[in-house]
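User: I've got a chain open here and would like to talk through how its parts pack together. Can we go through it piece by piece?

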Amino acid sequence: MNVLKWVYSGIVVTLVIALVGMFGQGKLSVSRATADDAERPVHMDIQKVERNLSLVEFDLSKKAHLLRKTRLEHYIAQAKQADVRGWKFKRDEFVERAENILSHHLTQYAHEAQQDAQTYTAQAI
């Protein structure tokens, strides 16, 4: 009798898994993004990074600048997807990465501008 109980339980569990697999079609998966979510405004940190990105200049003829801009756009897109899905930790991680790249770019850009100014001053004298 105990063996029949185990066999019956195994059949029921197998059928439930099969039915969920056939009819669920991923509807039971965690956090699916919909078209309505795309119209929702994004988190303020993402908006701040986008606003700062729009103010920064990139010399796309330089490979480093092109790479930084591409990575910034990638991380902002990833942060938006994480925000839509409700993944706060991932969103914050991608925003932090984008801010770090932006900060590095501004530091490098200021250093390059200072070197150019010194070269120009040296040539003018």
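User: Which residues of helix 4 are buried?
Analyst: In this predicted model, the buried residues of helix 4 are His-65, Arg-68, Leu-72, Tyr-75, Ile-76, Ala-79, Ala-82 and Asp-83.

User: And how far does helix 4 reach from its first C-alpha to its last?
Analyst: Helix 4 has 23 residues and spans 33 Å between its first and last C-alpha, which is close to the 33 Å expected at 1.5 Å a residue. Just after helix 4 comes Gly-86, whose phi is positive at about 85°.

User: Switching to rings: how many aromatic pairs does a search of the whole structure find?
Analyst: The search finds one aromatic pair. Tyr-75 and Phe-94 form this pair, which is stacked, with 6.1 Å centre to centre and 25° between the planes. Because Tyr-75 lies in helix 4 (residues 63–85) and Phe-94 in helix 5 (residues 88–124), the pair ties together parts that are 19 residues apart in sequence.

User: Are those two buried or exposed?
Analyst: Both Tyr-75 and Phe-94 are buried.

User: What sits over the ring of Trp-87?
Analyst: That is the charged end of Arg-85, placed 5.5 Å from the centre of the Trp-87 ring.

User: Now the nonpolar side: which residues have the most contacts inside the largest core?
Analyst: The largest nonpolar core has 14 residues, and those with the most contacts inside it are Leu-53, Leu-72, Ile-76 and Ala-98. Helix 3 (44–55), helix 4 and helix 5 are the elements that give two or more residues to this core, and helix 5 gives the most, with five residues. As general background, nonpolar side chains tend to be buried together in soluble globular proteins.

User: What is Ile-76 in contact with?
Analyst: Setting aside its neighbours within four places in sequence, Ile-76 is in contact with Ile-46, Val-49, Glu-50, Leu-53 and Ala-98.

User: And Arg-91, is that buried or exposed?
Analyst: Arg-91, which is found in helix 5, is buried, with a relative accessible area of 8%. Leaving aside neighbours within four places in sequence, Arg-91 is in contact with His-43, Ile-46, Ala-79, Ala-82 and Asp-83. Of these, Ala-79, Ala-82 and Asp-83 are among the buried residues of helix 4.

User: Zooming out, how many helices and strands does the protein chain have?
Analyst: The protein chain has five helices and zero strands, and from the N terminus on its elements run α-α-α-α-α. Of its 125 residues, 17% count as buried.

User: What share of the contacts with a separation of 6 or more comes from residues 24 or more positions apart?
Analyst: Residues 24 or more positions apart account for 68% of those contacts in the protein chain.

Technical notes. Residues numbered from 1 in each chain as written. Predicted model: local features only at pLDDT ≥ 70, side-chain atom pairs only at ≥ 80, totals over all residues. Heavy atoms only, no water. Phe/Tyr/Trp six-rings, centres within 6.5 Å; stacked < 30°, edge-to-face > 60°. Helix = DSSP H or I, 4+ residues; strand = E, 2+ residues; numbered from the N terminus. Buried < 20%, exposed > 50% of the residue type's maximum accessible area, 1.4 Å probe, protein only. Lys NZ or Arg CZ within 6 Å of the ring centre and 35° of its normal. Core = buried A, V, L, I, M, F, W, Y, C linked by side-chain atoms within 4.5 Å. Contact = heavy atoms within 4.5 Å. Expected span 1.5 Å × (residues − 1).
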